[in-house]
Amino acid sequence: MTSTASLADALHVPQDVQDLLFREARTANSFSDEPVSEEQIQAIYDLVKWAPTSMNTQPLRALVIRTEEGKQRLLPHMSEGNRAKTASAPVTVVLAADTDFHENLPKTFPHKPDAKDLFADETGREGFARLNSLLQVGYFIIGVRAAGLAAGPMTGFDAAGVDKEFFADRNWKSLVVVNVGKPGENPWFDRLPRLDYDEVVETV
């Protein structure tokens with residue numbers, strides 16, 4: 001079995017960057033009261049927007065909740081185990097799939113003028129939007145870590161309730177709620193095991 005140090009040397013970015021983004025990064029379950037600025041959120045998006053999506057569709061949408069009023073609207077839709085940490089996070093981001101993403105294709109995929117017509121079927125379009133948005137959710141989490149912040153992604157919430165509360169006037173479908181901030185007191189659960197290479201990868 002090749003050592004972690006040897007594998008780290010096989011990658012292009014320095015090991016401290018690898019550790020920041022993956023090995024030492026953890027899902028935070030408590031947050032300090034240190035604020036997260038609008039500039040930090042913008043910087044995260046400005047980085048992760050370059051990651052790939054199919055046909056450059058970019059269907060992910062984000063609702064940034066930082067006010068007490070916004071939190072009080074969100075908290076009833078969170079599962080009981082996720083409410084306290086969501087209430088304490090300086091910023092919570094609802095990540096959603098825009099099922100009307102195809103309206104932007106004349107801008108994002110300009111070399112194919114009829115690209116929008118490929119997504120006339122609403123059911124197929126929603127599945128496509130969800131798949132590519134979930135790719136972008138992963139990019140967003142890495143972007144939060146790159147900003148020196150902790151991410152606490154959660155799927156334990158009433159998505160239909162969140163959609164009704166915040167997105168009744170648009171075709172956004174919530175996927176993941178992510179708390180963002182600096183870790184607070186006792187923020188980490190015990191590190192859980194990961195599957196090894198030979199358990200996951202097959203070569204033909």
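## Basis of the model

The model is predicted: local features need pLDDT of at least 70, side-chain atom pairs count only at pLDDT 80 or more, and totals for chains, interfaces and linings use all residues. Residues are numbered from 1 along each chain as its sequence is written, and side-chain values use heavy atoms, with hydrogens and water left out.

## Overall architecture

The protein contains nine helices and four strands. Helices (H or I, at least four residues) and strands (E, at least two) are DSSP runs, numbered from the N terminus. Read from the N terminus, the order of elements is α-α-α-β-α-α-β-α-α-β-α-β-α. Along the principal axes, the C-alpha atoms occupy a box of roughly 50 × 50 × 30 Å.

Of the 204 residues, 39% count as buried. Buried means under 20% relative accessible area, exposed over 50%, and partly exposed in between, with a 1.4 Å probe and protein chains only. Contact means heavy atoms within 4.5 Å. Among the contacts with a separation of 6 or more, 81% are between residues 24 or more positions apart.

Four strands make up an open sheet in the order 1-2-4-3, with antiparallel pairing. Two strands pair if DSSP finds at least two bridges between them. Strand 1 (60-65) and strand 3 are the edge strands, each pairing on one side only. Neighbouring strands of this sheet are turned by 25° against each other on average, direction ignored. Axes are lines fitted to C-alpha atoms, for helices over the stretch in contact, and angles run from 0 to 180 degrees between N-to-C directions.

Strand 4 (residues 172-181) is mostly covered, with nine of its ten residues buried. Strand 2 (residues 91-98) pairs with strand 4 in the antiparallel sense over eight bridges; T92 stands opposite N179 of strand 4, and A96 stands opposite S174 of strand 4. Strand 3 (residues 150-154) also pairs with strand 4 in the antiparallel sense, over five bridges, and M154 has V177 of strand 4 as its bridge partner. Helix 8 (residues 159-166) lies across strand 1, strand 2 and strand 4, and runs at about 90° to strand 4.

## Helix 2 against helix 7

The axes of helix 2 (residues 15-23) and helix 7 (residues 122-146) come within 9 Å and cross at roughly 130°. That angle makes helix 2 oblique to helix 7; angles under 35 degrees count as roughly parallel, over 145 as roughly antiparallel, 65 to 115 as roughly perpendicular and the rest as oblique. The crossing is right-handed: a crossing is left-handed if the near helix is turned anticlockwise from the far one by less than a right angle, and right-handed if clockwise.

L20, L21 and F22 of helix 2 make the contact with I142, R145 and A146 of helix 7. These residues divide into five nonpolar, no polar and one charged. Ala, Val, Leu, Ile, Met, Phe, Trp, Tyr, Cys and Pro count as nonpolar, Asp, Glu, Lys and Arg as charged, and the others, Gly among them, as polar. Within helix 2, Q18, D19 and L21 are buried, and the buried residues of helix 2 pack against helix 1 (4-9) and helix 7.

## Helix 3 against helix 7

Helix 3 (residues 38-48) and helix 7 have axes that come within 9 Å and cross at roughly 130°. The two helices are therefore oblique to each other, and helix 3 passes helix 7 in a right-handed crossing.

On the helix 3 side, I44, L47 and V48 meet Y139, F140, G143, V144 and A146 in helix 7. By class, this contact has seven nonpolar, one polar and no charged residues.

## Two individual residues

R125 lies in helix 7 and counts as buried because its relative accessibility is 9%. Not counting residues up to four places away in sequence, R125 touches T99, D100, F101, H102, F119 and A120.

N56 is found in the loop between helix 3 and strand 1. With 30% relative accessibility, N56 counts as partly exposed. Leaving aside neighbours within four places in sequence, N56 is in contact with T108 and F109. The C-alpha atoms of N56 and F109 are separated by 6.5 Å, although these residues are 53 residues apart along the chain.
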